[in-house]
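Here is a short tour of one protein model, written with the viewer open beside it. Have a look at the strands and the packing first, then read on.

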Amino acid sequence: ISVLFDCGEHGLGSIAAHGHADSLGFALRAFGTDVFVDPGTYDYFTYPAWRSYFRSTRAHNTVEIDGLDQSTMLGPFMWGQRATSRCLEWQPSPGSVRVRGEHDGYMRLPAPATHRRTLQLDAPTRTLAIEDEIVSEGAHQVALHFHLAEHCELEPPVGQRCVIRVGAQRVTLRVDPSLELAVLPSSEDPIQGWVSRGYHHKVAAPLLVARGRTSGNTRLRCTIELSAPAG
């Protein structure tokens, strides 16, 4: 199992070149293949709506607050307000690893909010625990996005639980009891549920979204449980 956690700077240099609004997003590989993915880029110049989608917060495995991107786009390449991320904790140890980061992209809201995320991967139980903290004095709508690789198949969610089939393997996502879990269909209007593996190439891919409302400082806990590899 390998996990990539994004809490670095937004893009490259003073113009945030190649930046996406993806702070505190993650990707996960297991069984020798992609499971939870960064959907990619797809386009630079030709299709503005698709360009915007693939750069957006909702196109990444992170938390969207009040339906807004963490950083504000100014055209297809430039950025205005940018989320600043930092790593708060990094604790590797035999059999497990814990990392924690935060960003300030939603401090611009009328009720300012900081998003903090902690990931803890436990090898013996093959479990990734995800804890999101929304630090705010106000109320917010939140959406946690889980983008899956195109070869994954979903069983219908049952409450806050969904089983993901990766060939002969199983991955179980459990979201916080306060959230409502749904499968969103791949669509061109609105654009959602796509993975791009190369320029101007895209394929439909499974997308899960967990939505809810927070009031004041809130912690949301989710887990991803992976079956033992086939033998």
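Contact here means heavy atoms within 4.5 Å. The model is predicted, so local features need pLDDT of at least 70 and side-chain atom pairs count only at pLDDT 80 or more, while totals for chains, interfaces and linings use all residues. Residues are numbered from 1 along each chain as its sequence is written, and side-chain values use heavy atoms, with hydrogens and water left out.

Let's begin with Ile164. Leaving aside residues up to four places away in sequence, Ile164 touches Phe36, Leu148, Cys152, Glu153, Leu154, Gln169, Arg170, Val171, Leu173 and Leu208.

A nonpolar core is a set of buried Ala, Val, Leu, Ile, Met, Phe, Trp, Tyr and Cys residues joined through side-chain atoms within 4.5 Å. Buried means under 20% relative accessible area, exposed over 50%, and partly exposed in between (1.4 Å probe, protein chains only). The largest such core has 43 residues, and Phe36, Phe146 and Ile164 have the most contacts inside it. Strand β21 supplies the largest share of this core, four residues. A second, separate core of seven residues includes Tyr42, Phe54, Ala59 and Ile191.

Now to the strands. Helices (H or I, at least four residues) and strands (E, at least two) are DSSP runs, numbered from the N terminus. Two strands pair if DSSP finds at least two bridges between them.

| Pair | Sense | Bridges |
|---|---|---|
| β9 (residues 113-122) and β10 | antiparallel | ten bridges |
| β10 and β21 (residues 218-226) | antiparallel | eight bridges |

In β10, Glu133 stands opposite Arg116, and Thr127 stands opposite Glu225 in β21. Because eight of the ten residues of β10 (residues 127-136) are buried, this strand is largely enclosed by the rest of the structure.
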